[in-house]
Amino acid sequence: MQPSNLSDNFEVLDPAQLKRIESVHKGFLYQHLYAVGCLLLAASSGVKDVLVELDEDIELSFDSGLRTYVQVKTRSLPIMPGDISGALERFKVIKSHHASGQRSGDAQFAIVANQELGKTLQSEVDQGKCPPELVYIYPGATAPRPYYLPPAWKNLEEAAQWCINQAEKLNFSVLSPAALIWKIAGLVTLASAGGEGASGHRFRTADLPELFEQLIVQLQDFPTPPQTYLPQQDEPTFISPNRVRIVCGLSGAGKTTWAANSALHSPETCAYYDVGDLPGPAIASSIVRELAYKYSNRDPEGIRKVLLPGASGFEAIRTFDRFLEQDGRSLLVVIDNAHRIPVANLRDLLNATRHIRFILLCQPHENIRELEALMTLQRENLKGWDLDTLAAVVHSAGAYGSPQALEQLRGCTGGLPLYVDSATRIALAEYGGSIDGLCSDLAEQANVVETAQEIILTRVYSGYDQATQDALAIISLSDVGLAHEEVIGLLAAGLKLSEKAAAATIRKIQATGTIEVFGAKTLKVHDAVRAIGLHHLELMDTEQVTAALVALKELLILALQKNRDTSRFSLLTRVFIRLGEIETLIGLSGEEQFYEMGISVDITSSLKNALDTSALNPQQAFWALDGLIFGSMRDGRYDEVPGPLSMMKQLVNTHGFEFREQIAWAMKRMMYAAELRDWRQVQDALDYASPKIPDDSHQRVLDYTHALALWKLKRHKQAEMLCMKVIEQYYEVLGITPAEVIGKNPDVLWEVIKRPPDVHEDLKHLADALELYAITRQAQGLKAPFARIHAMKFYNMTEAYDSLVRLGQDAADEFVEMKDYEGAKEVIEQHVLPVITHAGLVTRMVQVRSQYAVILALGGDHQSAVREMNRLTPYLAGLDEHQRKELANQAEYIEFLTLKNQNQRAKLSMGSVGRNELCPCGSDLKFKKCHGA
């Protein structure tokens, strides 16, 4: 088993330093696994002692008096003389000590490497120029008989698998071979550091059977974790200075798997105990008997004192705790299903010990809330897999899905491993592997096969009383956190409760653990439970649900008016759709803000349905058509524009309307004509609209639309000049100059600008104009870097996240053109990726991260670039053809840059080589056709 790197989306100050650190630790782990291999071979090869990190990385002392010194090297290129010069000098000194009698016996030396020998070293070996007591061991070259060493491996995966295969030959069937080798690796690490696990960095072969037995005793009760364990988001560390810890999660959250996997890598003694349905008063005596049995072979007299006849369970565990403390041994006890133990019994068990440490694995339960309060503990939660890990799980199972569908799956399962696995199996069995198809049915509650989540949580849900079930269902209407007072209002409206009764209901459902609490009393039903709550909602009275939806709509609108919390836009739109408020939806369809937030709510079908049923008056129909065209144009679906545009024209001709409708139709006509490259139609639309403009505000919008059309018509200079005019006017409206924007963050700009009534619209339009100005300048071969940077600030101020991300990508590309890769990387890291995470713009995520990977490669960090592209591989099958091709092109470019860099490094390490000489890398090609190319 190998640790996953799928969830390492963290920020670091210096990625190059991180890369160096990773390389160092990979080298140490390879070396420690090689020492594990030596230990596994020791008994059968006459080795008396295995020593680590003394004069050499590994030293083997044989019964015959022979001593083998091993130097382990991990490199990314063939081994060159410079890689081993220090080791050879040290070997000479050690050899002289053996020759002079300062060290007894004969000495032999080995250099073990994960790469083949370079041309120079291989030539020395072939010509017999190496000392007879020195051997090189590399992949494909095994050690001669007297050495009794493991083979050299190419990488850590191969190293771990060899050790596992070797461990399978040991007669310890109760413990998985993977568990044994990782435990031994932990002890080797401890011994290398001079820890207490091995005296003087030494492992005696005679002690190995007992050592292996101890490791088995530590872990034999832990359930076997999966071969490849995938960590969850910000999951708790296993080792902690806290003596008592609570690790909490719903059934299916992977608590036991987390503990079992973590115990494999723990250097200290661990024990596992599942309380099951054990009576509370029996918990102490049952645990102490289990623990004492494991220690009985090592100290039977001490254990007899623990198990004195007549001693209560708590007295026995108190004695056992002192026994461990006096013996200098540490012990970590993992108690599974701890929520089933009555609080009084659990507290007495924990208070009876001072030295033993405990991890309590439990589900959300009132017992745990009480224990937290009594013992001032704070639970740690398992939060489920992040999107990258979930995508990898789905991909490895043979299923696929778009990034949006994968995010939807993560939302409805909470990312909890059992539920994700179950949903993936259903997608494979019932939907041809399509996560999109499964999620579509889950959203409509139309899936015909129950997931493990539904089976488990429905059973839990049905165990609640009717009032709790109804309350959870009502709160499940919201997929965002609601303030405590908002939840009270929602329950009061939906269930006709008083505020006092609603508050009591909230306290009651909080005790179930199905409600998550964030920050200052913000409440939300756990994602995995929410699907069950929404299903229950279908069984409730229609009037109750409608009353709750109306209350939810009103509180969302009120919150938006107060603090512009755009995270609630998507929910509010869905509420409008569910309530059938078509007129409101018509207004929203033309609002850019909803598209900027990356909201995936589809109001198009609602508008089309309203038009088809002729339920709209002429003005409503006009604006519904306007919204449809706006959405189509924004997404580049221009083939859908002619029909609605023609219908708009007919409505204008028939009903006349006021200037707003006339200008709106003219601007849509202008944009469509520009897309067709029809200059005459663009001019006709401009001539139609210009006389109808009532004020400067509308004129600026028309001028910007005209400039956008000119750009599409490739009249770049005219578009640039018109953009400049619009930009100057907006700066004047806001009361600032471009110079005042330089060096100021958005929060500072808010303090210095004027705030006209439509300030958000003015800021958004200014950002649009600045972006178009930069584009038109670039089309003429001119630069405008500040225009994009300033536009990003204004987009940020208006929370126009989609435009901000798009512009950030363009700005990064501009830095790349100037070969300022650090600047490009900074734009993506500081301004683009955080926005994608904050706003949940999953549709942009793959594109931005693949661009980021290319920038990393251009900047020389090829390893991180390849790693980032590997993390995107699971998304590939769910992308459309254009996106897959783009990703493939970027992967090929990164591979090209990586190979080019490797050739350059190899060329430098080879020193001066004639162009017509054979390349030192061993390829049998001339230097000029190999690394000298």
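Helices α29 and α30 are roughly antiparallel to each other in this predicted model. Helix α29 covers residues 659–675 and helix α30 covers residues 679–689. Their axes come within 8 Å and cross at roughly 165 degrees. An angle over 145 degrees counts as roughly antiparallel, which is why the pair is described in that way. The crossing of α29 and α30 is left-handed. On the α29 side, the residues in contact are Q662, W665, A666, R669, M670, A673 and A674. They meet Q681, V682, D684, A685, L686, Y688 and A689 of α30. Sorted by class, this contact holds 10 nonpolar, two polar and two charged residues.

For helix α31 (residues 696–712) and helix α35 (residues 759–779), the axes come within 11 Å and the crossing angle is roughly 25 degrees. Angles under 35 degrees count as roughly parallel, and α31 and α35 are therefore roughly parallel to each other. The crossing of α31 and α35 is left-handed. Helix α31 contributes V701, Y704, A707, L708 and W711 to the contact, and α35 contributes H765, D768, A769, L772, I775 and T776. By class, the contact of α31 with α35 has eight nonpolar, two polar and one charged residues.

The strands come next. Five of them form an open sheet with parallel pairing, in the order β8-β9-β10-β7-β11. The edge strands are β8 (270–274) and β11, and each of these pairs on one side only. Helix α11 (residues 343–351) packs on this sheet, where α11 touches β7, β9 (332–336) and β10. The direction of α11 makes about 160 degrees with that of β10.

Strand β7, residues 244–248, deserves a separate look. Its neighbours in the order of the sheet are β10 and β11. Five bridges join β7 to β10 (residues 357–362), and these two strands run parallel. Towards β11 (residues 380–381), β7 pairs in the parallel sense over two bridges. Here V247 has E380 as its bridge partner, while C248 stands opposite N381.

Are the residues of β7 buried or exposed? Five of its five residues are buried, and the strand is mostly covered. Both faces of β7 are covered: V244, I246 and C248 lie on one side, R245 and V247 lie on the other, and all are buried.

Another open sheet has six strands, with the order β5-β4-β3-β2-β1-β6 and mixed pairing. Its edge strands are β5 (134–137) and β6 (202–204), each of which pairs on one side only. Neighbouring strands of this sheet are turned by 20 degrees against each other on average, with direction ignored. Strand β2 (residues 58–62) and strand β3 (residues 67–73) run antiparallel and are joined by four bridges. To find one point where they meet, look at E59, whose bridge partner in β3 is Y69.

Note on methods
Residues are numbered from 1 along each chain as its sequence is written. This is a predicted model: local features need pLDDT of at least 70, side-chain atom pairs count only at pLDDT 80 or more; totals for chains, interfaces and linings use all residues. Side-chain values use heavy atoms; hydrogens and water are left out. Two strands pair if DSSP finds at least two bridges between them. Axes are lines fitted to C-alpha atoms, for helices over the stretch in contact, and angles run from 0 to 180 degrees between N-to-C directions. Buried means under 20% relative accessible area, exposed over 50%, partly exposed in between (1.4 Å probe, protein chains only). Angles under 35 degrees count as roughly parallel, over 145 as roughly antiparallel, 65 to 115 as roughly perpendicular and the rest as oblique. A crossing is left-handed if the near helix is turned anticlockwise from the far one by less than a right angle, and right-handed if clockwise. Contact means heavy atoms within 4.5 Å. Ala, Val, Leu, Ile, Met, Phe, Trp, Tyr, Cys and Pro count as nonpolar, Asp, Glu, Lys and Arg as charged, and the others, Gly among them, as polar.
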